[in-house]
Amino acid sequence: MDELKTNLKKQIVECLNLKDVNPESIDDNAPLFGEGLGLDSIDALEIVVLLQQQYGIKITNAEEAKAIMQSVASIAAYIESHKSN
Amino acid sequence: MEIYINSSFAISPYDSSRNFIGMKDGRFACIEPDYDNILDARQLRRMSRIMKMALTAAKKAIDDNGNINPDAIITATGLGCLEDTGTFLTKISDPDNRMMNPTSFIQSIHNTMAGQISLFLRNTCYNNTFTQTSLSFEHALFDAVMLLNEKPDNSVLLGGIDELTTLKFDLAERLHLAEKRSNGYYGQGEGSAFFTLSGHKSKVIVKEFILPFMGDHSDIGNYIEAKVDTNDAILLSGNPGNLQDPDDETIKQLFEDDRIIDYKQYCGDYPTSSSFAFWMANQLLNGGIGMPDLDSDLSDVIIHHSYPGNSQSLIHLCRS
Amino acid sequence: MKVHVIGTGVISALGENSAANYHALSNGKHGITADSSYLDSFVSGIPVARVMQSNSELAEMLTVSDRLPRTALLGMTAAKEAVQPFIKEMAGARIGYISGTTVGGMDLTEGFFRQEMKGKGSGKLSDLIYHECGKISNLIAKEIGVIDFVTTLNTACSSSANAIMLASRMIKSGYLDFAIAGGTDALTAFTLNGFNTLLLLDNELCRPFDSSRKGLNLGEGAGYLLLASEKMSQKLGIDVHAEVSGYANASDAYHQTALSEDGTGPSLVLKNALEIAGIHPKDVGYINLHGTATTNNDIAEGVAIKKVFGDNVPAFSSTKAYTGHTLGASGGIEAVFTVQSIVNQKSIAALRFNTPMPETGLIPVTESKPLKIEHALSNSFGFGGNCCSLLFSRKH
């Protein structure tokens, strides 16, 4: 799980071209959007593509995406729970 | 009313300060600034090259006009955001890689530049984007002038932008340009040129422009003969490289050879290249800064943008 | 100088001319009946509003080559309908063709790219020559003939509303006597995939302004108004459908693809279009919404309507529930529908509406019924925050 979170942070920073962010500095539970990392809805859509590409997870609904992408921890939990499917 | 050019900025393949042209094997490339010094990292992270070129030129033109937030933003682009369009097209065409990024779709739309500039300036005013092949910039200029006549107190941000990508270069070479190049065609180009226009007096007036719909093509020659002292004027011709073009020749005959500049040798051939000529004309009339040696009595510049067998336009700028 | 609407032309999933479209609208019959998989086998099960005729059928009707981009074939069909009845009378006048499009010749470009994937060099280069949006306009203008001025706007989904605004300003300023103004867009794999990656497509039929809405359905088509200066329409004694009495364009300046939740841009254009015409909000009888049925659009538009109209919100509906979202053509098509609602003094019924959005509580008109419409608005909003609203007034 920790390894998954570490990888996710690296992938998010790379995918969104967050040059000024050190992946290790991202708190597992900090909100990704608005206040925390300051991402926006286009970033959310890019993360949808990332999750499909790297983890085979398909998200087709915007509301669902919002719920999953609260934080790195919530994304990791979602990936874990959908791994076996 | 008289309409003036209050400021201008161009990112182009031409560096006038050292008379250098960024061109190799028929491919002109803009000499780009270090964007990290101009735009902040968060703004830059998603931006495509055409967007960076547009926003930077727009920002510089506005800065040079006392940072006045314009009353209208009007852009022109013949081919739009080719890099993002190409990326998205390639992905949807590849049955083995169906991972498409939303950003390249969002930024493939022609009004991405005008929209992002309004976002950057927090500008809620009139916002429009023209895309009419080699007349795109002329039509945007036409709209700007019509708007200033409707609202004389306004100021307008006007820009012409096109980008050259490897994909576009290769396809156009395959299509017909490789052959043309052996016959003197300068090559494909790109650029981003932005201007602020208003009724506030400055050194350069947008005196007149003639687009085909305002009369037939002979109007352009007639206008020059009637209204321009060609001894004090420069002709910026849009011939993309000494190609056979009877319309171009007719106009060139009205000027001495040393008063004619084929401007596409500096920026290459692209749909909104007349915006580069508009920038060059403004530079020339402002005292020939960094331009080829010119006499000081230059009073008028005529931009003649013609495409063999296709569209034609004239823009007349003069000293106030 | 007043600007008059003297003709209309439209093709959409509802039918191939203005009368067929209006017949479907009056009978509550929508055209969102195709499955997206015909555009791209990877994106299936999403309803789209496809124009019934194939390229060869359109080309045959027009007697032109069927190798032209679909956007051009659709545009020619609608533009010709608008201009045909007056083509003789218009001779010698200054005529403009002003059009909005977002995809241009993308369908042929896609064909080229798919072919290239099979082997570099195998694509037909001739498929690329109409890629540029402006080339589509040139093709259509040449087909109509007698055109003195051609230009193209691409401001995403507000393109053709902006084209009508520009044409009206050019007539008002005396540059043109007549203008064919509107827009055209064909369905393409490019836009289908694009909206799919944005998670903006509903896999069921779209439900504009309903609390259960989940997204939009894409459509295709073309719609044009034939505009004339008052001087010309009087001189020729032409029947006037309506007057273009107001227009406004503004930027929302909030986000690349979403509108601000307080409806900044939409309320600016509604307010400014009324102001130009000197019309009081209470005198507006009908609003043809942008109404895409995305969560974001409908809230922003609803909030803006409440801001401008207060407690006197006029009858309103979104015809995208019939035609799908036709992108660069939508402003033109919906301008035709708005003019038709004025001519017929009848509302257009909102489809599939059950529960108002909790954010606004607004309830669209759900019946096609006689309605006094002196003035009607048509809204169009596009990516990049580009907003445009057109105001049409009844001619007495």
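The side chain of C:Glu220 reaches the backbone nitrogen of C:Leu187 at 2.9 Å. In this predicted model, the side chain of C:Glu220 also makes a polar contact with the side chain of C:Arg70, at 3.0 Å. Chain B is in contact with chain C through 52 residues of chain B and 63 residues of chain C, and 9 residues of chain B are in contact with 16 residues of chain A. Over all chains, the count of aromatic pairs comes to 16.

**Buried sites in chain C**

- C:Glu220 is located in the loop between H7 and strand S7 (221-229) of chain C.
- With a relative accessible area of 0%, which is under the 20% limit, C:Glu220 is buried.
- C:Gly104 belongs to the loop that runs between strand S4 (95-100) and helix H4 (106-118) of chain C.
- The relative accessibility of C:Gly104 is 0%, so this residue counts as buried.
- C:Gly104 and C:Asp185 are 81 residues apart along the chain, and their C-alpha atoms are separated by 7.1 Å.
- Apart from neighbours within four places in sequence, the contacts of C:Gly104 are C:Thr71, C:Tyr130, C:His131, C:Cys133, C:Ile136 and C:Asp185.

**Interface of chain C and chain B**

- The area buried between chain C and chain B is about 4800 Å², with 65% of it on carbon and sulfur atoms.
- C:Arg169, C:Phe190 and C:Gln256 together supply 15% of the area that chain C buries against chain B, more than any other three residues.
- There are 4 salt bridges between chain C and chain B.
- C:Glu116 and B:Arg174 meet through their side chains in a salt bridge, with an N to O distance of 3.0 Å.
- Between chain C and chain B, 22 residue pairs are in polar contact, with both residues at pLDDT 80 or more.
- On the side of chain C that touches chain B, two or more residues come from each of H4, helix H5 (133-144), strand S5 (149-153), helix H6 (159-172), H7, strand S8 (242-251) and helix H9 (264-277) of chain C.
- H4(C) gives the most to the side of chain C that touches chain B, namely 8 residues.
- By class, the side of chain C that touches chain B consists of 28 nonpolar, 25 polar and 10 charged residues.

**Interface of chain A and chain B**

- Chain A and chain B bury about 1200 Å² between them, and 47% of this area is on carbon and sulfur atoms.
- Of the area that chain A buries against chain B, 37% is supplied by A:Ile42, A:Glu46 and A:Val49, more than by any other three residues.
- The number of salt bridges between chain A and chain B is 3.
- A:Asp43 and B:Arg45 form a salt bridge through their side chains, at 2.8 Å from N to O.
- Across the interface of chain A and chain B, 7 residue pairs are in polar contact, with both residues at pLDDT 80 or more.
- The side of chain A that touches chain B comprises 8 nonpolar, 4 polar and 4 charged residues.

**Aromatic pairs and cluster**

- Among the 16 aromatic pairs over all chains, B:Phe105 and C:Phe195 have ring centres 5.5 Å apart and planes at 65°, so the pair is edge-to-face.
- This pair crosses between chains, joining B:Phe105 in helix H4 (residues 102-106) of chain B to C:Phe195 in helix H7 (residues 189-197) of chain C.
- B:Phe105 counts as buried because its relative accessibility is 3%, under the limit of 20%.
- C:Phe195 likewise counts as buried, at 4% relative accessibility.
- The rings of B:Phe137 and B:Phe195 have centres 6.0 Å apart and planes at 55°, so this pair is tilted.
- One aromatic cluster is formed by B:Phe88, B:Phe105, C:Phe190, C:Phe195 and C:Phe383.
- C:Phe190, a member of this cluster, is also one of the three residues that supply 15% of the area that chain C buries against chain B.

Note on methods. Residues are numbered from 1 along each chain as its sequence is written. Chains are lettered from A and ligands numbered from 1 in the order in which they are written. This is a predicted model: local features need pLDDT of at least 70, side-chain atom pairs count only at pLDDT 80 or more; totals for chains, interfaces and linings use all residues. Side-chain values use heavy atoms; hydrogens and water are left out. Contact means heavy atoms within 4.5 Å. Buried area is the accessible area (1.4 Å probe) that two parts lose on being put together, summed over both. A polar contact is a pair of N or O atoms within 3.5 Å; within protein, one must be able to donate a hydrogen and the other to accept it, and residues adjacent in sequence count only if both atoms are side-chain atoms. Ala, Val, Leu, Ile, Met, Phe, Trp, Tyr, Cys and Pro count as nonpolar, Asp, Glu, Lys and Arg as charged, and the others, Gly among them, as polar. Rings of Phe, Tyr and Trp (its six-membered ring) pair if their centres lie within 6.5 Å; planes under 30 degrees apart count as stacked, over 60 as edge-to-face and the rest as tilted. Helices (H or I, at least four residues) and strands (E, at least two) are DSSP runs, numbered from the N terminus. Buried means under 20% relative accessible area, exposed over 50%, partly exposed in between (1.4 Å probe, protein chains only).
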